[in-house]
Amino acid sequence: MAKPLLMGAVAYAPKVVTIWEGFKEYFRRHDFEFDYMLYSNYERQVEAQLDGSIDLAWNSPLAWVRAERMARAHGLEARALAMRDSDRDLCSVLVVRSDSRVATTGELTALAGQMIGFGALDSPQANLIPRDHLRAQGLLAGRDYTARRFDELGGKHGDHIGGERAAALALMAGEIDAAWMIDGNYLAFAREGILPAGATRIVARSGSYDHCNFTSICGISAASDEMAARFTELLLAMDWQDAQVRPLLELEGLKAWLPGRTSGYDLLMRAVDDEKFYDAEGNILATDYRY
């Protein structure tokens, strides 16, 4: 049997096993050997890719930033091979209760002295990018507002959305005055009844950004580079109309795979620097980060 391409993925939910077992069967039907290794956190996964333990990684946007920086520091090149159609052009929203004194969208000065809820420390969508957005508006945590972080499952980079859900619940309970979350979760929490219809308003939106991608590190192994190219070809060929493929795409939250792009990470890279989360070589700077 040919050596399989070994992909790393983070086990942020039980469905992860179901998803990648299904992908394994899909690739085998196309005579391509594929296997996966699950990690408890993205930091270990990025390090494993750089030491050659895995050929490919399904990375969060924050993991992409670290992989790109670590690869460059080692004279290598990180490439974003593919991403979901649902990974592009997302934004985070700042939500308040309908009776908030923040009267209209954009009046963030009214948040002065209030308590704002954020997701996990390592969440791009509910902590890093939102803090950067407020900083750009002249608001600093500890000076202009009180930050309350809802840290859950460190190392998962917010993929589990538990911190965002906890912040939404705290908002409705009156424990905080506002909460950040990704736009898709705002809609999901409304459907779940966590944020009842008419009970909340959006008062700010971040700039747009991209989410996950399949990352390869070119130059570690010629064989890995060749397998990554074939993997990408087969991945992009997955068809929503294929009855065997559609359940996998539904589980992973997409209708089509698209070629990877990196322009959508500019906002996060700035936030990572401003929050001093990683340095230019991908070393972890956040002193209270536990994963």
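The model is predicted: local features need pLDDT of at least 70 and side-chain atom pairs count only at pLDDT 80 or more, while totals for chains, interfaces and linings use all residues. Residues are numbered from 1 along each chain as its sequence is written, and side-chain values use heavy atoms, with hydrogens and water left out.

Let's start with the sheet. Five strands form an open sheet in the order β7-β6-β8-β5-β9, with mixed pairing. Here strands are DSSP runs (E, at least two residues), as are helices (H or I, at least four), numbered from the N terminus, and two strands pair if DSSP finds at least two bridges between them. At the edges sit β7 (146-149) and β9 (200-205), each pairing on one side only. β9 joins β5 (residues 92-97) in the antiparallel sense, over five bridges, and V96 stands opposite R201 in β9.

Now for the pockets. A pocket is an open set of points on a 1 Å grid over the protein atoms alone, where a 1.4 Å probe fits, with protein on both sides within 12 Å along at least five of seven lines; lining residues have an atom within 4 Å of a point. Volume is the space filled by probe spheres set on the points, which are joined across faces, edges and corners.

| Pocket | Volume |
|---|---|
| Largest pocket | about 580 Å³ |
| Second largest pocket | about 150 Å³ |

Which helix gives the largest share of the lining of the largest pocket? That's α6, with five residues. In the second largest pocket, α7 gives the most, also five residues.
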